[in-house]
Amino acid sequence: MPHYAHSGDLDESEWHSLRQHLIETGERAARFLEPAGCGELARTAGLLHDLGKYSREFQSRLRGGPHCDHSTAGARVAIERYGNGDGRRASPGKMLAFAIAGHHAGLADGASGTEPRALADRLQADIPEVAPVWKQELSLPELASLPLKPRNKEMRGFCAAFATRMVFSALVDADFLDTEAWHSGCGGHPVPRGRHPPLAELLDRLDDHLNALMSNAGDTEINRLRREVLERTRARAAEAPGPFTFTVPTGGGKTLASLAFALEHAVHHGLARIIYVIPYTSIIDQTARVFREAIGAGGGDPADFIVEHHSAFEEDRVRNREAQDKLRLAMENWDAPIVVTTAVQFFESLFANRPSRCRKLHNIANSVVILDEAQSLPLGLLRPCVAALDELTRNWKASVVLCTATQPALGEEDGFVGGLEGLREIAPGPADLHRRLKRVTICQRGKVTDVELAECLREAQQVLCIVNTRRHAHELFDAIRNENEDGSLHLSTLMCARHRGEVLETVRCRLAKCMPVRLVATSLIEAGVDVDFPIVWRAEAGLESIVQAAGRCNREGRAEIGEVFVFEPADEEGRRPPGDVAKMADAARNVMRHHDDPSSPEAIRSYFRQIYWIEDTELDRKDILRKFRERTTRFDFPFATVAREFRMIEKGMVPIIVPYRGTNGDDETADRWLRQLGHVERLGRVARGLQPYTVQVPPRRRRKLLDAGAVRFVREDVFGEQFALLENLDLYRPDIGLAWEDPAFRAAEGLIV
């Protein structure tokens, strides 16, 4: 009898042929990994992934019968046909078995585990018998030795596990796309996965944009230098793919120059896409907007050029419904020419085990990955992050560009154990660039009390002060504000993202008009936020933070020299930075004692070497790499365990939704999203829409707000504690955001009866 993969609401004669599904899934998966030489491995995964559907039980399931296991059969055949691993080399059979068994439930731990059930237990379980006809309908490839080159003996396990995730990714995406294509074909509603403009066309558009910028730019020293950076950087694009550094001081035009290098490099070497990885959601929209302006002039739908994949992205910004659908689909698997995402999304996906998180991984291979603000990678996960970047460049035809003004010492030649090999700098002489772009002096002011600091801030017409805690920012703002003058502003994560964006627009406007503006902020303003103050005060922190703060000072060179004052808060309570930041502040203080210019490449290199030496045993706090080394003998990798433990942002903060209506009170976006929660079909879309209106708080603070009736959970019976809504809007102030000290507070005007 014929065997089917899917039924749908159709006559049986129109059901999806199982043989056709397996062959076409294999073809898709093979195309995904062919550039890296693993096409046949991926094809085999596609051919075997639904082998259990050749069972009588599954065919009965299509006709209304009970659920049955259809994934384990293919995993068993993979082990029988291609081996179980012997500890000396990666076993194709074991890699295939992990991917096939997990293509619905996720990659499991190899030897033990319950969610999902361990691979060893799956392989021993009773499963439905498959009909032998599959051997006549399918022809399995002969798998030659895999083209994987482990860095060394210790990294064999990590290399094999990384390849397993890539095969898993290719299989999951191919399976989904083939099933989607069949369903959409049956229903007569093709899925809008549009054709994208080639990278060469986007490069031409960027050239037109850059030429226009240069022709309209004044003949100043800084514009001449930016032009030189751009030209010299693009000249390096023909170099062989691999790891690069791009070290350009703030104001040197590194955002567009890095995009130009990436496009030129990708076109020259036939790479598939550009993935721009940014550390903070607070600046990701700014970068994506720059890219859209640079390459959107050729017409067409923005969703065809750039996919933003991060928690704060608002699909409503794309007005056309079909474009929204295309954008959402591209976010699932990063099938787009340019992807802008966060470091959290990028690295946590590389260590994930769920199909939805891993589906896009194969599209990182054969791409250019630009890691913006590379120094911001968390110390506790630095070694596994670097190991993943090394794998991408070593075995998966990716080029990785570490792009920053404060280049971390992550190369093997810098003394970083397991660091990137053969790093090449693409900027024209970082030391000379630093000298020519130097527009500020950084000096230490020692201990400063809040009273002294507030007086200095009030005396300045335009000044930025950056401190380490939200409490300090709040109290300092209260100390300098003047009810009769609106030049004092506050910025912290106690404000939702939409509110912060409005404050920044106000700051830029006042700076441009030479109006008074005194901004007190936390460190969220440092990385890439485009503001230009003549004076900056920075509480002691790591040297990279101090240099980033200096990048907000005299950014455009309007003054002869800007002033950055680094101070130690004399008032201890609520002022000291948290653990890691305190250690980095100590190292920065030491470097500043020995270098006249603490922002020089030499000082920064010295600083990072100190940090990595001090923190050597803490650079892999979850022992991620050790977990893969210990399981190399049988390649029983702990995929599910690692996925749970690899968290770039430790849990400890919970969200509260603020129905913020904007400065003028006319922004109803949050209200529209909240109304949709009553009849939502796609929860993820609503959650992303509400993200710009959330504030992260400690769980105990949210509990107090809940107990006081200031916050309630929306549809708790359906969504649990996912959507906590601020009910007492008097607790959200237009000047500082959420003020949680008194959960029962009500504004006086709201108490009048």
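Colleague: Which strands do the buried residues of helix 28 pack against?

Modeller: They pack against strand 16 (654-657), strand 17 (694-697), strand 18 (711-713) and strand 19 (724-726). Helices (H or I, at least four residues) and strands (E, at least two) are DSSP runs, numbered from the N terminus. Contact here means heavy atoms within 4.5 Å.

Colleague: What sort of model is this, and how are residues numbered?

Modeller: This is a predicted model, in which local features need pLDDT of at least 70 and side-chain atom pairs count only at pLDDT 80 or more, while totals for chains, interfaces and linings use all residues. Residues are numbered from 1 along each chain as its sequence is written, and side-chain values use heavy atoms, with hydrogens and water left out.

Colleague: Back to helix 28. Which are its buried residues?

Modeller: Helix 28 (residues 699-707) has Arg-702, Leu-705 and Leu-706 as its buried residues. Seen down the helix axis, the buried residues of helix 28 fall within an arc of 100°, so they line one face of the helix. That arc is taken over the directions from the helix axis to the C-beta atoms. Buried means under 20% relative accessible area, exposed over 50%, and partly exposed in between (1.4 Å probe, protein chains only).

Colleague: What does the face turned away from the buried side carry?

Modeller: Two exposed residues, Arg-700 and Asp-707. Helix 28 is then followed by Gly-709, which has a positive phi near 80°.

Colleague: Which residues other than glycine have a positive phi?

Modeller: Among them are Trp-334, with phi near 60°, and Glu-373, with phi near 50°. Most residues other than glycine have a negative phi.

Colleague: Where does Trp-334 lie, and is Trp-334 buried or exposed?

Modeller: Trp-334 sits in the loop between helix 13 (321-333) and strand 6 (338-342). Its relative accessibility is 0%, so Trp-334 counts as buried.

Colleague: And where is Glu-373 found?

Modeller: In the loop between strand 7 (368-372) and helix 16 (382-395). Glu-373 also counts as buried, because its relative accessibility is 4%.

Colleague: New topic, Val-686. Where is Val-686 found, and what is Val-686 in contact with?

Modeller: Val-686 belongs to helix 27 (residues 683-690). With a relative accessible area of 1%, Val-686 is buried. Leaving aside its neighbours within four places in sequence, Val-686 is in contact with Trp-673, Gln-676, Leu-677 and Val-680.

Colleague: At what angle do helix 26 and helix 27 pack?

Modeller: Helix 26 (residues 669-676) and helix 27 pack at about 155°, and their axes are 9 Å apart. Axes are lines fitted to C-alpha atoms, for helices over the stretch in contact, and angles run from 0 to 180 degrees between N-to-C directions. The two helices are therefore roughly antiparallel to each other. For the labels, angles under 35 degrees count as roughly parallel, over 145 as roughly antiparallel, 65 to 115 as roughly perpendicular, and the rest as oblique.

Colleague: Is the crossing of helix 26 and helix 27 left-handed or right-handed?

Modeller: Left-handed. A crossing has that hand if the near helix is turned anticlockwise from the far one by less than a right angle, and is right-handed if clockwise.

Colleague: Which residues in helix 26 and helix 27 meet?

Modeller: Ala-670, Trp-673, Leu-674 and Gln-676 in helix 26 meet Arg-685, Val-686, Gly-689 and Leu-690 in helix 27. By class, this contact has 5 nonpolar, 2 polar and 1 charged residues. Ala, Val, Leu, Ile, Met, Phe, Trp, Tyr, Cys and Pro count as nonpolar, Asp, Glu, Lys and Arg as charged, and the others, Gly among them, as polar.

Colleague: What about helix 2 and helix 5, at what angle do they pack?

Modeller: Helix 2 (residues 39-48) and helix 5 (residues 92-101) pack at about 50°, with their axes 10 Å apart. They are therefore oblique to each other, and their crossing is right-handed. Leu-41, Thr-44, Ala-45 and Leu-48 of helix 2 make the contact with Pro-92, Met-95, Leu-96 and Ile-100 of helix 5. The contact divides into 7 nonpolar residues, 1 polar and no charged.

Colleague: Last pair. How do the axes of helix 10 and helix 11 cross?

Modeller: The axes of helix 10 (residues 221-235) and helix 11 (residues 254-269) cross at roughly 20° and come within 9 Å. These helices are therefore roughly parallel to each other, and the crossing is right-handed. Val-229, Leu-230, Thr-233 and Arg-234 in helix 10 meet Ala-257, Ala-260, Phe-261 and Glu-264 in helix 11.
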